[in-house]
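Work through the exercises below with the model open beside you. Each task is followed by a stepwise solution.

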Amino acid sequence: MRFMMIVIPKGYESAAPDAVPSAEAVAKMMEYNKSLQKAGVLLALDGLFPPSTGARISYSEGKATVTDGPFAEAKEAIGGYWIIQVRSREEAIEWAKRAPMSNNEIIEVRQIHEMGDFPEDVQQAAEGFESLPNSAAAKA
Amino acid sequence: MRDIHRTIEAVWKIESTRLIAGIARVTRDIGIAEELAQDALVAALEQWPEEGIPENPAAWLMTAAKRRAIDYLRRGQMLERKHGEIARELEFQQQRLADALDQSLDQVIDDDVLRLIFTACHPVLTVEGRIALTLRLICGLTTAEIARAFLVPEKTLGQRIFRAKKTLSEAHVPFETPREDELHRRVESVLSVVYLIFNEGYTATSGEEWMRTTLCDDALRLGRMLVQLLPGEPEVHGLLALMELQASRTAARRGRKGEAVLLPDQDRSLWDYAQIQRGMAALEQAQRLGGGAGNYALQAAIAACHTRARTAAETDWERIILLYDALLQISPSPIVALNRAVAVGMAQGPSAGLDAVDRLAADAALVGYHLLPSVRGDLLMKLGRFTEAHEEIQRAIAMTQNLREQELLMERLKQIEKATF
């Protein structure tokens, strides 16, 4: 099973565009990342720029409207994520508990859909979807 | 209650390897180390449901295991006391052992985990013993889980693990990383165990399931652990590349009713391209380390040829033949030669393929191997020799124990019958 561990850092919703974590925080995080890697469970990880550099595209009656960040109404924002492969939801939660987070920060653990989880009609609708990113195959 | 047990199980899966490795550094016997770690687990199963899960469950298990290990070491020395040792000396030794254990468990180092892996995959053990011990000690699987994965009774599996531990202890296998001159051979033994686990998951040798993906995931996890522990060994990266590239096809290999779907018929849009990317990166790393001509790296390069083809027809079969040639040079195997013959059939036509297969037919190693008549039947069918093709596929059906593979071959029979009329 694959899980995404989504990091929701405190105050990130209103962080300045050039906000960067401290060297100390990064060092702790690297140690944690290394432990995920050594256990063979880490598939991917990324950190995201603050929402103030992003944009929201909202849809209404077939029309897309773009709003630049920061988003005044947002109470929290995603700072980054890990994707891990583990044997159970409990194992994903145990890994999340070991992350070096500060007071009032949040990690949300969510399972990633595999094709087999979908009902048959959905699987059928997904069949033959040819435009998936094929960069790795094209590059090599 | 059920929830808490599942949490304990999860903690165990994360912590057990380092726990066992740390104890084994002091006891020098992985069988005893595992028993002591298991005792700590039993204590957790008794106490956590009552007292709640401790703040730091890993440290709790470590402490519990340490206490039991010290008890165990003391018991061992009590016996020695009867042989006339002085009490003072004994006390000193006890303290020394306790200190060693404290230190060992406080900082389990990667080398301990590596030693544990090398010991579990030691050549003195039977292949089945190596597989069982690896899944148990490194992947944290229970005996019941391993038994289920390999479709053998739990009792049989339990005996297999017991015998393996006994063999290690009787052979006085040291808990250490092999020396430089031996390292290469021992790494090979570890890699073959990991790949056997992967293959049992990728194409189950028997039963109703065509794949048992949790075994593939366990093997991948081992492969990813190994590239961290042995980053300079090109074949470790080669094996990881091979497994990632093969596993990337998982969703496309199984039809909606659980039936097997072979490479030429797969919907390639269902391949996992993130996984392909990881596989390609691992292959590049193997090649960068100068291991491009290694056994696993070559197999990974062949898998990469399939990955690069957007449709089955675009497959670069000529390149695949060359890679098989290189593979045959370093590890001659009739099964590899059979695969090469398939590639020849694709590149140069069924007649050339059949010639290549027939040159192998006499090989004793292929007797009873269902893919020989299956490949032959395929080529004969393409040549329009339907009666012979029919016979070959029937032979293949009789030789495989996997229901999904049988289904696939039955389907082939029907095609032949349809073509005949």
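## Two chains compared

Chain B has 20 helices and two strands, where helices (H or I, at least four residues) and strands (E, at least two) are DSSP runs numbered from the N terminus. This is a predicted model, in which local features need pLDDT of at least 70, side-chain atom pairs count only at pLDDT 80 or more, and totals for chains, interfaces and linings use all residues. Residues are numbered from 1 along each chain as its sequence is written, and chains are lettered from A and ligands numbered from 1 in the order in which they are written.

**Exercise 1.** Describe the make-up of chain A and chain B.

Step 1. Count elements. Chain A has four helices and six strands. From the N terminus, the order in chain A is β-α-β-β-β-β-α-β-α-α.

Step 2. Check burial. A residue is buried if 20 or more other C-beta atoms lie within 10 Å of its own, exposed if 12 or fewer, and partly exposed in between, with C-beta atoms placed from the backbone. In chain A, 17% of the 140 residues count as buried. In chain B, the buried share is 44% of 421 residues.

Step 3. Check contacts. Two residues are in contact if their C-beta atoms, placed from the backbone, lie within 7 Å. Take contacts with a separation of 6 or more: residues 24 or more positions apart account for 73% of them in chain A. For chain B the figure is 62%.

Step 4. Along the principal axes, the C-alpha atoms of chain B fill a box of roughly 90 × 50 × 40 Å.

## Strands of chain A

**Exercise 2.** In what order do the four strands of the open sheet in chain A lie?

Step 1. Apply the pairing rule. Two strands pair if DSSP finds at least two bridges between them.

Step 2. Read the order. It is S2-S5-S1-S6 (chain A), with antiparallel pairing. The edge strands, S2 (42-47) and S6 (106-111) of chain A, each pair on one side only. Twist averages 15 degrees from one strand to the next.

Step 3. Inspect one pair. S2(A) and S5(A) are antiparallel and share five bridges. A:Leu42 has A:Ile84 in S5(A) as its bridge partner.

Step 4. H1(A) lies across S2 and S5 of chain A and runs at about 160 degrees to S2(A). Axes are lines fitted to C-alpha atoms, for helices over the stretch in contact, and angles run from 0 to 180 degrees between N-to-C directions.

**Exercise 3.** Characterise strand S3 (residues 55-60) of chain A.

Step 1. Find the partner. Six bridges join S3(A) to the antiparallel strand S4 (residues 63-68) of chain A. One of the bridge pairs is A:Ser60 with A:Lys63.

Step 2. Look at the turn. S3(A) and S4(A) form a hairpin with two residues between them, and A:Glu61 in the turn has a positive phi of about 45 degrees.

## Helices of chain B

**Exercise 4.** What do the buried residues of H10(B) pack against?

Step 1. Locate the helix. H10 of chain B spans residues 213-229 and has 17 residues.

Step 2. List buried residues. Among them are B:Leu215, B:Leu222 and B:Met225.

Step 3. Name the partners. From chain A come helix H1 (23-38) and strand S5 (80-85). From chain B come helices H6 (127-137), H7 (143-149), H9 (180-202) and H11 (234-247).

**Exercise 5.** Why does B:Ala326 count as partly exposed?

Step 1. Count neighbours. B:Ala326 counts as partly exposed because 16 C-beta neighbours lie inside 10 Å.

Step 2. Find contacts. Leaving aside neighbours within four places in sequence, B:Ala326 is in contact with B:Ala293 and B:Leu298.

How values were computed:
Expected span 1.5 Å × (residues − 1).
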